[in-house]
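This briefing concerns strand pairing and aromatic contacts. Please read it alongside the sequence and structure shown here.

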Amino acid sequence: MTMMMGRGFRALAKGLALTAGLVAATTGGASAEGAAAKQLFGGMKLPSRAAPTPYGFYSKGCIAGAVAIPVDGPTWQAMRLSRNRRWGHPQMISLLERLSRDAPGIGWPGLLIGDVSQPRGGPMLTGHASHQIGLDADIWLTPMPDRRLSAKEREDMPFTSMLKENKFLTVDTKRWTPAHAKLIMLAASYPEVERVFVNPAIKKKLCDTWTGDRSALGKVRPIYGHDAHFHVRIGCPDGAAGCKSQAAVGAGDGCDKSLAWWFTDEPWAKPKKDPNAKPPKPPRPMQLSDMPKACAAVLQAPSPDSEMAATFGGATAVSALAAMPANVNDAVPAIAAQMPELPDVVPIPLPRPAGY
């Protein structure tokens, strides 16, 4: 008991010290003056100990109470582990596991899972503009091998583009298979999925060749990149008042003029430079003050005891973490005052059921 109390006091002291630093950051304190939000969120190793709640928009927000997908599962393997981006809302992690379980039924052996979100979401040090609220995930267009990859292989394995080299927006039929199409359409078929982003050439390939149910094809959206992976986005969870929804996808399969535009010169043309114009100033990095107010509290909230304590487990979309006080949207000092009331020990998730 004495040891537990000591651990609790040390955790509390650490949390209060972090609070002080973040209060300084939000009030212009010299210790964090000018720190970009990506540095603050990118430096967090564990999520907040909180009820799972997204705040803000996919490209400008954060997540409280994120959980991690296990590095390995029966039908998935997580990639690029050094990035520490296996974290998301339990509904997102549950969806990834469901998709991985369903994939072998359509001829895809399992998923290689790329970036989901950082432990507390927010802007990333490198890469994505979105993936900030735990409701986005990348899935490689490379099937899972029939063995467990080493940590080094997960870092070094190259991406495999589905496009032909030196040929504009054309799918390479030597790499693209019907199973690729089935996997993307399977992901789009789930009702909680709002969008699946793919390269415009992949969208066109689906438009031209998909002969199954096309009702979910409109969810598959063309966007730059996404030729070696596809990006799944789910909607804001029910009751998440601080989560900003994206406009609904319009009617139809999306195989229309909006897709044809990607195959013109316009979206790919470089902007014309005015020789008399002054060089533009570099864009100002997103600051914590630019983000939803709750993100300051998410950033300074205490962590669970370990990564294991915040790893998703079981077959239902439930949080592995203890609940935060309901007033998580209060100002930073008010959240700090609640810290002594948080539990010292975070329960470990239940083990995964046999045969899951």
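**Strand pairing and aromatic contacts**

Strand β8 (residues 136-140) pairs with β11 in the antiparallel sense over 5 bridges. The model is predicted, and the points below are grouped by topic.

**Strand β11**
- β11 also pairs in the antiparallel sense with strand β9 (residues 193-198), over 4 bridges.
- H229 in β11 is the bridge partner of W140, and I234 in β11 is that of V193.
- Of the 6 residues in β11, 6 are buried.
- Cover extends to both faces of β11, with H229, H231 and R233 buried on one side and F230, V232 and I234 buried on the other.

**Aromatic pairs**
- The structure holds 7 aromatic pairs.
- In one of them, the ring centres of W140 and F159 are 4.6 Å apart with the planes at 50°, so this pair is tilted.
- Because W140 lies in strand β8 and F159 in the loop between α4 (151-156) and α5 (178-189), the pair ties together parts 19 residues apart in sequence.
- W140 counts as buried at 3% relative accessibility, whereas F159 counts as partly exposed at 43%.
- Y224 and W262 form an edge-to-face pair, 5.2 Å centre to centre with 80° between the planes.
- This pair links the loop between β10 and β11, which holds Y224, to the loop between α7 (257-260) and α8 (294-300), which holds W262, 38 residues apart.

**Cluster and surface patch**
- One aromatic cluster is formed by F168, Y224, W261, W262 and W268.
- F168, Y224 and W268 make a nonpolar surface patch of about 310 Å².
- Y224 is partly exposed, with a relative accessible area of 42%, while W262 is buried at 10%.

**Charges over rings**
- R80 lies over the face of F159, 4.8 Å from the ring centre.
- R233 places its charged end over the ring of Y58, 4.1 Å from the centre.

How values were computed:
Residues numbered from 1 in each chain as written. Predicted model: local features only at pLDDT ≥ 70, side-chain atom pairs only at ≥ 80, totals over all residues. Heavy atoms only, no water. Patch = residues over 30% accessible without salt bridge, like charges linked within 9 Å, V, L, I, M, F, W, Y side chains within 5 Å. Areas by Shrake-Rupley, 256 points an atom, 1.4 Å probe, with all protein chains shown as cover. Salt bridge = Lys/Arg side-chain N within 4 Å of Asp/Glu carboxyl O. Buried < 20%, exposed > 50% of the residue type's maximum accessible area, 1.4 Å probe, protein only. Helix = DSSP H or I, 4+ residues; strand = E, 2+ residues; numbered from the N terminus. Pairing = 2+ DSSP bridges. Phe/Tyr/Trp six-rings, centres within 6.5 Å; stacked < 30°, edge-to-face > 60°. Lys NZ or Arg CZ within 6 Å of the ring centre and 35° of its normal.
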